[in-house]
There are 2 protein chains.
Amino acid sequence: MPDVTQLRAPDLTAWTCPAPLRDHPRVVMGHGGGGALSAELVQHIFAPAFGGEVLAQLGDSAAVSLGGTRLAFSTDSFVVRPLFFPGGSIGDLAVNGTVNDLAMSGARAAYLSCGFILEEGVEVAVVARVAEAMGAAARAAGVEVATGDTKVVDAGHGDGIYINTSGIGLIPAGVDLRPQRVVPGDVVIVSGDIGVHGVTIMSVREGLEFGVEIESDCAALGGLVEAMLAVTPDLHVLRDPTRGGLAAALNEIAAASGTGVVIQERGVPVPPTVANACAILGLDPLYVANEGKLVAFVPREHADAVLDAMRAHPRGAAATVIGEAVEAHPGMVVARTGLGGTRVIDLPIGEQLPRIC
Amino acid sequence: MPDVTQLRAPDLTAWTCPAPLRDHPRVVMGHGGGGALSAELVQHIFAPAFGGEVLAQLGDSAAVSLGGTRLAFSTDSFVVRPLFFPGGSIGDLAVNGTVNDLAMSGARAAYLSCGFILEEGVEVAVVARVAEAMGAAARAAGVEVATGDTKVVDAGHGDGIYINTSGIGLIPAGVDLRPQRVVPGDVVIVSGDIGVHGVTIMSVREGLEFGVEIESDCAALGGLVEAMLAVTPDLHVLRDPTRGGLAAALNEIAAASGTGVVIQERGVPVPPTVANACAILGLDPLYVANEGKLVAFVPREHADAVLDAMRAHPRGAAATVIGEAVEAHPGMVVARTGLGGTRVIDLPIGEQLPRIC
């Protein structure tokens, strides 16, 4: 039987792989990890192929203009394994993930699309439970699922349920959230404990128990962002540190803004459960995925007021300052350690734990 | 090893399957076929779970309003096998499929999102070729890929490349394309030969040769729709007859409009290659998928002018009238056969050939 995925393919030997990708002629799990390998695919394959100015901005969502209206537009596919976990399911992730990407542009999500890729043989009851979770998450986030599509693939060519959601929302007047707006002196704030989602998935997938029950932080951040923008529309950039964790989010901002970033390692809120799990597994919490947290770069003069507004919101009750943007070491993220030293926080290569979202 | 897709799932035994779905407690290929099984999933699982008024319209794309701007918003996932075929690739389908869904609302596609689900081990060169095809198709259709996402799943849980595209575009003033606007007397026009994409996929997948080379009709229809709307914005409904073919498209319109539809079977343009392949394989061309054709319900007074405009456009050169909307047999599609009889054209149950898009 021929390999039909290759049938009629153009002559691939005539294709010259861009240099940075030559170590990986085939896709590896890390290409989906939100780190350096993912960035290589985007920079050397997708961006040149697609062209276009909007994609080149590489934000969590695209800011586009249509009929005089400024919109945020974003997409995410969800392949998390297992489909259900403490604190949520692939359905909750699929709604909140895209709602949050839009929120990082300052937009309140208005409409979502939903594309299912179902594997032949998955129970209809499982599909129904996931759909119900999506509906509940959408109502909680105040967004409407407006359009959808369902494809089915043969058993052995999927993993139960994959979901893509895309979303659109209005960007309020005066809001312009981009890493390019970051300047030295900006204050770096995280909205709460980090690493919770990734450690939750790891614990259920690997059957590990860390003595304490842990639940994913999966949640919609549109309300928190609105509360922050009510203080001032002049926030500089927001990111939700999902794949690649806080480290990847800070590195992307440093690289795109051309400023340095310094964080106080002891100031980063890592709950004991996450710290213990990471110690056992040899992971760094800075690289573990979150699904209901954000990191903000805020002009220094507004930092106190924004922090107060965040702490007054349920999703930001544990918000805290973790660092600042600096002129030194442009494009680089450095942590001051508890011992008084410093260490460089690199962009992760791939993902410590694949398929966490 | 536990079945992690089920791990932590809510108690599924407590879930009551809606009656129409009880024959299929597990997902079968036909649930993705765009026919009756797909419709059951949407009506009994997704629509109740998601709620919302826009989804309930069940168009190829959703018409939504955002900041006073009327937008079309649509999503489609693409799981075609093989990835490359005569006349196109999964990349061409992924762009043109969503561009066409938007066009069926009368909207010119402005921005697309692109979500890849890559299988570990697929050649980066294959991904690059698909991305290049997407870029070329996007430029041809005048649409910009504005945002994207890449996930990687373990080998054995995908099939090389799956793609979701979503899209947004402006709906021109005065355009309101919905099956509910169809009235008896409307003229039914197809834009050209039917069944070409489905037969192409079948021929390469099954290694069949029908004596004549056949190429997919995969193409963007935005320009053709603009030419039609230039005659009059008062077209009633447009559909691109993809999965389930012309039969499914006509049935959806008949059901949603509450009118009957009569077509002249001999008037439906079926090219000899498609007719021969269907004869050999025992298929009905009315049920075979298209990827670059549309069916229009046009007020009788505008039908001649719209037909002329279609024939003057490269994508509608072979446009022809195939039937009309009638008061008789509301919700039902009937074909007058060459022998003077009639036969009912049912909504297909599933899909004759899975994974054609």
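The model is predicted, so local features need pLDDT of at least 70 and side-chain atom pairs count only at pLDDT 80 or more, while totals for chains, interfaces and linings use all residues. Residues are numbered from 1 along each chain as its sequence is written, chains are lettered from A and ligands numbered from 1 in the order in which they are written, and side-chain values use heavy atoms, with hydrogens and water left out.

Chain B and chain A bury about 9,200 Å² between them, and the rule finds six salt bridges across their interface.

**The annotated domain**

- An unreviewed UniProt entry lists residues 60–171 of chain A as "domain: PurM-like N-terminal". UniProt positions are given in the numbering used here, feature names are shortened, and annotations may be inferred rather than shown by experiment.
- Over residues 60–171, chain A is 29% helix and 46% strand. Helices (H or I, at least four residues) and strands (E, at least two) are DSSP runs, numbered from the N terminus.
- The end C-alpha atoms of that stretch of chain A are 14 Å apart.

**Where the chains meet**

- The size of an interface is often given as the accessible area lost when the parts come together.
- Of the area that chain B and chain A bury, 66% is on carbon and sulfur atoms. Buried area is the accessible area (1.4 Å probe) that two parts lose on being put together, summed over both.
- In chain B, the residues that lose the most area to chain A are Val27(B), Phe50(B) and Val124(B), together 8% of what that side buries.
- The contact takes 104 residues from chain A and 105 residues from chain B, where contact means heavy atoms within 4.5 Å.
- Across the interface of chain B and chain A there are 30 residue pairs in polar contact, both residues at pLDDT 80 or more. A polar contact is a pair of N or O atoms within 3.5 Å; within protein, one must be able to donate a hydrogen and the other to accept it, and residues adjacent in sequence count only if both atoms are side-chain atoms.
- Elements that give two or more residues to the side of chain B that touches chain A include α1 (36–50), β2 (69–78), β5 (108–119) and α3 (124–141) of chain B.
- With 11 residues, α3(B) gives the most to that side of chain B.
- By class, the side of chain B that touches chain A has 55 nonpolar, 28 polar and 22 charged residues. Here Ala, Val, Leu, Ile, Met, Phe, Trp, Tyr, Cys and Pro count as nonpolar, Asp, Glu, Lys and Arg as charged, and the others, Gly among them, as polar.

**Salt bridges between the chains**

- A salt bridge is a side-chain nitrogen of Lys or Arg within 4 Å of a carboxyl oxygen of Asp or Glu. Over all chains, a search of the whole structure finds 30 salt bridges.
- Asp149(A) pairs with Arg243(B) in a salt bridge, with the closest N and O atoms 2.7 Å apart.
- A network of salt bridges links Asp76(A), Arg243(A), Asp149(B) and Lys151(B).

**Salt bridges within a chain**

- In chain A, Asp284(A) and Arg343(A) meet in a salt bridge (3.1 Å, N to O). The pair links distant parts of the chain, 59 residues apart: Asp284(A) is in the loop between α7 (272–281) and β11 (295–298), and Arg343(A) is in strand β14 (residues 342–344).
- Asp284(A) is buried at a relative accessible area of 17%, whereas Arg343(A) is partly exposed at 28%. Buried means under 20% relative accessible area, exposed over 50%, partly exposed in between (1.4 Å probe, protein chains only).
- In chain B, Asp284(B) forms a salt bridge with Arg343(B), the closest N and O atoms being 3.1 Å apart. Asp284(B) lies in a loop and Arg343(B) in strand β14 of chain B, so the pair ties together parts that are 59 residues apart in sequence.
- Arg300(A) and Glu324(A) also meet through their side chains in a salt bridge (2.8 Å, N to O). Arg300(A) is in helix α8 (residues 300–311) and Glu324(A) in strand β12 (residues 320–326) of chain A.

**Two exposed residues**

- Glu213(A) sits in the loop between α4 (196–205) and α5 (222–231) of chain A and counts as exposed, at 52% relative accessibility.
- Ile349(B), in the segment after β14 of chain B, is exposed with a relative accessible area of 56%.
- Leaving aside its neighbours within four places in sequence, Ile349(B) is in contact with Gly30(B), Gly35(B), Ala36(B) and Leu37(B).
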